[in-house]
Every structure is written in C-alpha cells, then in structure tokens.
Amino acid sequence: MEATMNVATPPSRSLSVHVSAETESADNSTAEDPMSPTGRVFEEMGVYIIVVMGLSMPVNLPVFCAGIETELLTRFPRFRSIQVMDGSKDGKPRWVQTVVNVDDHIIVPRLDLAAVDSDPEKAVEDYVASLSLLPMDRRRPLWEFHFLDFRTSEAASTTVLRLHHSIGDGMSIMTLLMASSRSTADPARLPAMPPPPKRTGAIYQRCPQPPRLWSSDYLAWLWSYVVLAWHTLVDIVLLAATVLFLRDPGTMFTLVPDGGQSRRRKRLVHQSLRLDDVKLIKTVLNCTMNDVLVGVTSAALSRYYFRKSCNINTKRICLRSILPVNTRPVSSRQTYVTKVETGNRISNIICPFYIALHNDPLEYVRTAKRSMHRKKSSLEVMFAQMTVDFLVKYFGPKTGAFIFRCFVTRTTAVLSNVVGPAEHITLCGHPIAFMAISVYGLPQALTMHYLNYGSNIKVILTVDDEQFPDCHQLLNDFAESVKLVRDAASLKTLTTRSRMTE
C-alpha cells in the first residue's frame, strides 16, 4: 500500500502566528537566530526527526490545531521560523521568524481503506516509511503534523510529527513536547520530569588536588589525569583513522550500496518494554541505564546475526556505533517550564559493541559496562564537538557534513537513548498512549533509539526497507534479549540471597 499525500483540511478558521515588529526588536535573539554548527551539518545532510505518537482518542483536528498555535508555536521560536541566508561573504544561515499558517502544516492523508481495515499497524508503518522519501517545502517552517484517524492495537488514532533536525535535537524536541503538554492524571499541572541522570566518569568528576604532595592520594590523582590523557589520545587517533580508512567489517547490518540512490526508504518499527525490567538489571549489575541498553542491543543483534547467518564458528565480531551525547547541563531538563533549549547541542562518540555468543546473558551488559566506563574516561566527546565547530566555522558545512558522513558510513549503526516523560501526558487536548522517536536521512541501514514513557521504554528501529524485510523479527529479538537478561539478573539475586541465609 502506498500512502497518498492528499490533504483534507478541516473547514476551520486559518490559524496563524504574527510576530510584530515590537516583538522582534524586544528579542533579536529569537527574531534572527544563527544556526548552530551541528544544525548546519544536519541541514547539509538532509536529516529529519520523526515522532510517532499514539493517541488515546480519535483525532479532534480543530482542538489539536488550536493547541499547536497556543503551545508549540508560542514556546518554540523555531516552529515559527524559516532558514534564511545572510548577506555576508560566508553566507551563514540564520533563523528568521515569519507568519505561520498552521493549516499549511497539517496533513490528513487519504489511504486505501481496504488496506487499513486489513492491517492498520502496517498501514501506519507504510505511511511513515513513505515520509522518508518526501521533501519538505523550504519556504515554510520545516515541521508538519500528519494525522491517521483509525484504530491500531496500541492507540485510537496516530499523529506523526516530522521536522528537520536543524530545528533541534531529540532532547530539545522531547523537552518542547513536555513543556507544551499536561499531566494526564492531573491536567492542572505540567508532567513530572524523570530524575536527572548521574553523569559518572573522569570527565565529569575531577577530584581536587590533594593538599599533600607525593602522598598516595596525590599520586592517584595525578595518575587519573595520565589515564584521561592517554584514553583521549587513543580515541582521537581512532577518530582520525575512521575518517581516513578505518571501517567496520561488513555484516548483514552494514548498508548495502544501491548504485548511488540519494534517498532510501526507511521503515520505523517499535515495541514496548517494561522499564522495571531494565531497572532490575541496572540494580543487580550496579551499572547505568545506558550500560543495560547497550548490552541488550548487543544481545539482540547477536541473536539476529547468528540465527540468520547460521555461523557458529565466529565467536566474536567487534562493531562500532555512533552514540549521540547531550552536552547541555543536567539541570536544563528541570527548567523546561521557564525555558526550552533550542537547537542542536549534542556531540558524538564512537563506541564498540560486540556480536558474540555468551552462555551467561549478563555478560552482554558487563561487556557494555566496561566499554562505556572506558569512554567516560576520555575527552573524546569534547574533542568531537570542537572539531565540528572548527570545521564548519572555517571550512563550511559541506566539510563538516563530509567528515560526519565518514563516521556514519564507516561504522555500523546509530544508538541513542532519549529521556521522555515520567508519566503519561496530554498534548493539545489529546492523551498520548505511546511515543516513538527516530531519525532518517543518515546513510546507515540501522538506527536504534530507546525512549522511556511512563512505566515503559520503547525500543525503536529505523531500518532500510529493502535490507531488513524481517525487521519485526529483529524487533522481537530485543524483547527476548531483555527477558533473558532480566531472568539471569533475577536468578543472580536469588542465588546471592540464598548464600547470605546459609
């Protein structure tokens, strides 16, 4: 089924936002806002963000449109801005506010009713996949809402937010949605935020110099800086090698060349996992949520690889993933009521993960914990950000995009963990049953995201549609891997308790 893009617009008044001259002069930083270096790279590469939201009720289009006008457009200047090139020699793009007609950004497609009735989940998947091939009108702000008003197994209807990645990164978009919504349990207040993450490692916890020189504490303090410098040097060399020649070994997860096709159809699939299962594993192994998710990812990809390849002789394959890292202060998520961070404030690190066979499922998480701990004792994330800023500033976004494309094409996947609301939310008058966020436009066959929402955590895969026709089997491998690791963690807990009682 191929979705058509015919638009059915409700016979309501034209909703628009007018930015007066007084508003522009009062806040020039929002009237004319320069685009960040990372945003310029995403602009050059044509990367988009997709947020699929299941609604707990049928779509009430006038109510949702009014909510977009009063909440999203008011709180987020980028939603009412277009990209304009300035008149300087560099020709740097900037965000300039304009008049927004909300009806221009609302799309209600006409789909094949027989296909919808036969398999509504597939109808949603096919429609979202079709969006990965369609451009956006650059004369307008680069965002749009798509409404699919039919029931699926998880929701009464579905809305899809598509926007250009230059507008903001995953964290800023999720923060915007939370700041523009209300708690479903108590509509009088904003939704509760999850607790701020604990940032550990040498990069975040530098100890002050001990008062006594040449004491054991002083030598340990000095050695920590030696280790930090060495790890940073090694990571910088590996980054340079990746740009020049270093490439992951080819596997079924590597993007297969297609003869130069510029845009490939990407399919987004998702499945809910129990957040308590992830927390149990985290507690038993004394690690972070990210450690658990990286370990589960390694376990799931290993299950899929060995089942598909039937290659039991290969015991271990080292692959690499790009991990986006939020560079904002931890406290910024807690101030979303008064200020929504805009733009792209992320950097990236290259983290190894392994395709391997382990008798103990917990070994996947232990290996991920060691890898992540090693990355925390390095300034790679700061160096990567400084390099992008330098290249874009002095050599232009095409150079920055070329370097980033080298990282993407010579590694295997992108893996990201986005922090979502701690409870269910109501957005624009519609309770949200589930949320799934991802990106498309990257030259990779597999992109993996995790997003917690309430008591669940979504695993979201965006895959090359031709290369992964069995993407639902891969998705099920993630669910099965969580169960296996959870059961092993529970058994470890029971064994420890029985030994303590003896």
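I began with the second largest cavity of this predicted model: strand 16 gives the most to its lining, with 3 residues. I noted a volume of about 60 Å³ for this second largest cavity. Its lining residues are Ile50, Val128, Ser132, Lys266, Leu268, Ser438, Val439, Tyr440 and Thr462. Strand 11 (266-274) and strand 16 (430-440) are the elements that give two or more residues to that lining. I sorted the lining by class and got 5 nonpolar, 3 polar and 1 charged residues.

Next, the cavity count. I find 2 cavities of 30 Å³ or more in the structure. I listed its lining as Val294, Ser298, Arg316, Pro352, Phe353, Tyr354, His358, Tyr364, Thr367, Ala368 and Ser371. Helix 10 (289-309), strand 13 (346-356) and helix 11 (362-376) each give two or more of these residues. Helix 11 supplies the largest share, 4 residues. By class I have 6 nonpolar, 4 polar and 1 charged.

Arg316 lies over the face of Tyr354, 3.8 Å from the ring centre. I also logged Lys458, whose charged end sits over the ring of Phe434 at 4.7 Å from its centre.

Then the aromatic pairs. I have 15 in the structure. One of them joins Trp143 and Phe145 edge-to-face, at 6.1 Å centre to centre and 75° between the planes. Trp143 counts as buried because its relative accessibility is 1%. Phe145 is buried too, at 0%. I traced ring pairs that link Phe64, Phe76, Phe79, Trp143, Phe145 and Phe147 into a cluster.

Methods: Residues numbered from 1 in each chain as written. Predicted model: local features only at pLDDT ≥ 70, side-chain atom pairs only at ≥ 80, totals over all residues. Heavy atoms only, no water. Phe/Tyr/Trp six-rings, centres within 6.5 Å; stacked < 30°, edge-to-face > 60°. Buried < 20%, exposed > 50% of the residue type's maximum accessible area, 1.4 Å probe, protein only. Lys NZ or Arg CZ within 6 Å of the ring centre and 35° of its normal. 1 Å grid on protein atoms, 1.4 Å probe; cavity = no way out; pocket = protein on both sides within 12 Å on 5 of 7 lines; lining within 4 Å. Points joined across faces, edges and corners; volume = space filled by probe spheres on them. Nonpolar A, V, L, I, M, F, W, Y, C, P; charged D, E, K, R; others polar.
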